[in-house]
Amino acid sequence: MTGQFVVRPELEGGPGVIHGGVLAAIFDELQGFTGMLTQMAAVTAHLEIDYHKPIPLGATVDLDCAVEGKVGRKLFTTATAKIGDQLVASSRGIFVVIDPDRHYGDGAARILGMSP
């Protein structure tokens, strides 16, 4: 899965750069949503992020994410953030596949678009 976002001023952490927690949330959402593409709702068990370069406000960041494997209920994911050809951050995650209705309550699967 791929995506893109522009670093808006509201996302500032240190002077002139994105807040690291915002990027962590973006990686978490991106990797967690990847399972949804194959009708597997998953929640975060472990998320690891490497910040390679500061990401300036106004930058357009390209995202790439993949499920690298599945063992039992665990999905192993990777993601990268780049500005042009420059890697600015990367992430690895482990997400656990869940039954949305059991995890969130009856009707959650329907709300998530995972059942009729």
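Biologist: How many salt bridges does the structure hold?

Modeller: It holds three salt bridges. A salt bridge here is a side-chain nitrogen of Lys or Arg within 4 Å of a carboxyl oxygen of Asp or Glu. This is a predicted model, so local features need pLDDT of at least 70 and side-chain atom pairs count only at pLDDT 80 or more, while totals for chains, interfaces and linings use all residues. Residues are numbered from 1 along each chain as its sequence is written, and side-chain values use heavy atoms, with hydrogens and water left out.

Biologist: Ok, which residue does Glu48 meet in a salt bridge?

Modeller: Its partner is Arg92, at 2.7 Å from N to O. Glu48 sits in strand β2 (residues 42–51) and Arg92 in strand β5 (residues 86–97), so this pair ties together parts 44 residues apart in sequence. Strands (E, at least two residues) and helices (H or I, at least four) are DSSP runs, numbered from the N terminus.

Biologist: And what else does Arg92 form a salt bridge with?

Modeller: Asp50, with the closest N and O atoms 2.7 Å apart. Asp50 belongs to strand β2, so here the linked parts are 42 residues apart in sequence. Through shared partners, the salt bridges join Glu48, Asp50 and Arg92 into one network.

Biologist: How accessible are Glu48, Asp50 and Arg92?

Modeller: Glu48 is partly exposed at 33% relative accessibility, Arg92 is partly exposed at 32%, and Asp50 is partly exposed at 30%. Buried means under 20% relative accessible area, exposed over 50%, and partly exposed in between (1.4 Å probe, protein chains only).

Biologist: Where is Arg8 in all this, and which side chain does it meet in a salt bridge?

Modeller: Arg8 meets the side chain of Glu10, at 2.6 Å from N to O. Glu10 is exposed, with a relative accessible area of 55%.

Biologist: Let's switch to the overall layout. How many helices and strands are there in the chain?

Modeller: Three helices and five strands. Along the sequence they follow the pattern β-α-β-β-β-β-α-α. The C-alpha atoms fill a box of roughly 45 × 25 × 20 Å along the principal axes, and 32% of the 116 residues count as buried.

Biologist: In what order do the five strands form the sheet?

Modeller: The order is β1-β3-β4-β5-β2, in an open sheet with antiparallel pairing. Two strands pair if DSSP finds at least two bridges between them. β1 (2–6) and β2 stand at the edges with a single partner strand each, so one side of each has no neighbour in the sheet.

Biologist: How many bridges join β2 to β5?

Modeller: Nine, and the two run antiparallel. As one example, Thr44 has Phe95 in β5 as its bridge partner. β3 and β4 also pair over nine bridges in the antiparallel sense, with Ala66 partnered by Thr78 in β4. β4 and β5 pair over 10 bridges, again antiparallel, and Lys74 stands opposite Val96 in β5.

Biologist: What about the hairpins: which residues take a positive phi?

Modeller: Gly72 does, near 60°, in the β3 and β4 hairpin, which has two residues between the strands. Gly84 does too, near 65°, in the β4 and β5 hairpin, which has two residues between the strands.

Biologist: Now the helix. Which residues are buried in α1?

Modeller: Leu23, Phe27, Leu30, Gln31, Gly32, Thr34, Gly35 and Met36. What covers the buried residues of α1 includes β1, β2, β3 (60–71), β4 and β5, where contact means heavy atoms within 4.5 Å.

Biologist: Last one. Is Thr77 buried or exposed?

Modeller: Thr77 counts as buried, because its relative accessibility is 3%. Thr77 lies in strand β4 (residues 74–83). The Thr77 side chain makes a polar contact with the side chain of Gln31 at 2.6 Å. A polar contact is a pair of N or O atoms within 3.5 Å; within protein, one must be able to donate a hydrogen and the other to accept it, and residues adjacent in sequence count only if both atoms are side-chain atoms. Leaving aside neighbours within four places in sequence, the contacts of Thr77 include Ala66, Arg92 and Phe95.
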